[in-house]
Amino acid sequence: MATLREIRRRISGVKSTQKITKAMKMVAAAKLRRSQDAVIAARPYARKMKELLQQLSAVVDVTAQPLFASREVKNVAIIVVTADRGLCGAFNANIIRAAVHHIRTQYADLQAAGNVKLIVIGKKGHDFFFKNEYHIAEKHLGIFSALNFSKAQAIAGEFVRRYLRGEYDRVQVVYNEFKSIVHQKLVIDQLLPIPDHTAPQPSGTDAAKSQPKEESHAGGKAGIDYIYEPSGAEIISALLPKHLNFQLWKVLLESNAAEQGARMTAMDNATTNASDMIRELQLSYNNARQASITKELLEIVSGAEALKQAN
């Protein structure tokens with residue numbers, strides 16, 4: 001049985017840990033508020049940009065745009081977005097597990113040939129993949145400490161250049177999307193080539209034929225017939241880099257908010273567990289102290305009885 005001194009030492013240690021977890025929860029809550037506001041502000045812009053790209057791609061011939069063209073997949077780049085620090089529950093483990101499962105199920109042959117390259121954002125992901133000897137093409141550590149758009153722009157610009165040079169045939173991203181403080185959604189999204197939902201619909205489809213004649217416009221797309229100035233092709237050429245830059249920026253914002261939410265939840269659980277542990281240790285301390293007092297009383301009574309019998 002633990003001595004009173006050992007139990008007091010354990011209670012003191014748990015109380016110190018509880019102070020740390022409570023402080024980390026408060027820090028995460030403050031960061032979460034800022035990152036959540038940034039995500040909420042970014043989502044409408046990203047959504048409208050994607051809608052505009054869809055409208056343009058439906059009325060403009062994008063076959064000359066290499067970022068839309070699908071080709072045989074011989075080299076794949078996967079962007080894995082994790083945190084730089086731990087103490088955020090299963091946040092990092094879930095991302096790493098999803099990325100590894102995706103590689104093993106979708107690109108097992110390419111991985112065996114060494115043609116799966118990882119662009120790792122976050123120290124936790126880098127440490128895991130480096131230790132397990134995955135091919136890391138790029139690493140970006142510590143960017144969440146001072147997150148800004150220029151970093152997303154630099155990362156996006158690099159993988160676009162490599163895609164255009166033919167080093168990558170497909171670029172995907174694995175990250176946690178922020179839903180709420182207690183819930184993050186694992187997302188695997190394709191950045192390049194631009195997914196099919198932004199490609200023009202085939203002419204003569206049943207959907208286009210079913211539209212009234214006065215509502216059917218160029219490219220078989222129903223809706224308002226916009227006049228683009230300059231031409232749609234020029235707008236789409238200017239829009240694509242902005243679209244990719246902002247999509248990656250949104251990914252980083254989502255991951256940052258999800259990380260702070262996960263850390264806040266983990267620290268709240270740790271603080272609650274510390275309170276339960278302190279309560280149990282206090283009961284153990286009281287029981288041990290009561291047993292010690294009872295033992296001392298028995299020894300005193302026994303000694304008194306022994307003296308009485310001796311007299």
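Mentor: Let's start with a term: a pocket here is an open set of grid points where a 1.4 Å probe fits, with protein on both sides within 12 Å along at least five of seven lines. Keep in mind that this is a predicted model.

Trainee: Thanks! What volume does the largest pocket have?

Mentor: Picture the space filled by probe spheres set on the grid points. For the largest pocket, that volume comes to about 330 Å³.

Trainee: Which helix gives the most to the lining of the largest pocket?

Mentor: The lining has 16 residues, with K31, F144, S145, N256 and Q260 nearest the pocket's centre. Helices α1 (4-59) and α7 each supply at least two lining residues. The top contributor, with five residues, is α7.

Trainee: How many residues of that lining are charged?

Mentor: Good one to check by class. Five lining residues are nonpolar and five are polar. The charged ones number six.

Trainee: Now the sheet: which strands are at its edges?

Mentor: Five strands form an open, mixed sheet, ordered β3-β2-β1-β4-β5. An edge strand pairs on one side only, and that picks out β3 (136-140) and β5 (183-192).

Trainee: In what sense do β1 and β2 pair?

Mentor: Strands of a sheet pair through backbone hydrogen bonds, either parallel or antiparallel. Between β1 (residues 76-81) and β2 (residues 116-121) there are six bridges, and V81 stands opposite I121 in β2. Their pairing is parallel.

Trainee: Which helix packs on the sheet?

Mentor: Look for one touching β1, β2, β4 (170-180) and β5. Its direction makes about 40 degrees with that of β4. That helix, spanning residues 232-310, is α7.

How values were computed
Residues are numbered from 1 along each chain as its sequence is written. This is a predicted model: local features need pLDDT of at least 70, side-chain atom pairs count only at pLDDT 80 or more; totals for chains, interfaces and linings use all residues. Side-chain values use heavy atoms; hydrogens and water are left out. Two strands pair if DSSP finds at least two bridges between them. Helices (H or I, at least four residues) and strands (E, at least two) are DSSP runs, numbered from the N terminus. Contact means heavy atoms within 4.5 Å. Axes are lines fitted to C-alpha atoms, for helices over the stretch in contact, and angles run from 0 to 180 degrees between N-to-C directions. On a 1 Å grid over the protein atoms alone, a cavity is a set of points where a 1.4 Å probe fits but cannot get out, and a pocket is an open set with protein on both sides within 12 Å along at least five of seven lines; lining residues have an atom within 4 Å of a point. Ala, Val, Leu, Ile, Met, Phe, Trp, Tyr, Cys and Pro count as nonpolar, Asp, Glu, Lys and Arg as charged, and the others, Gly among them, as polar.
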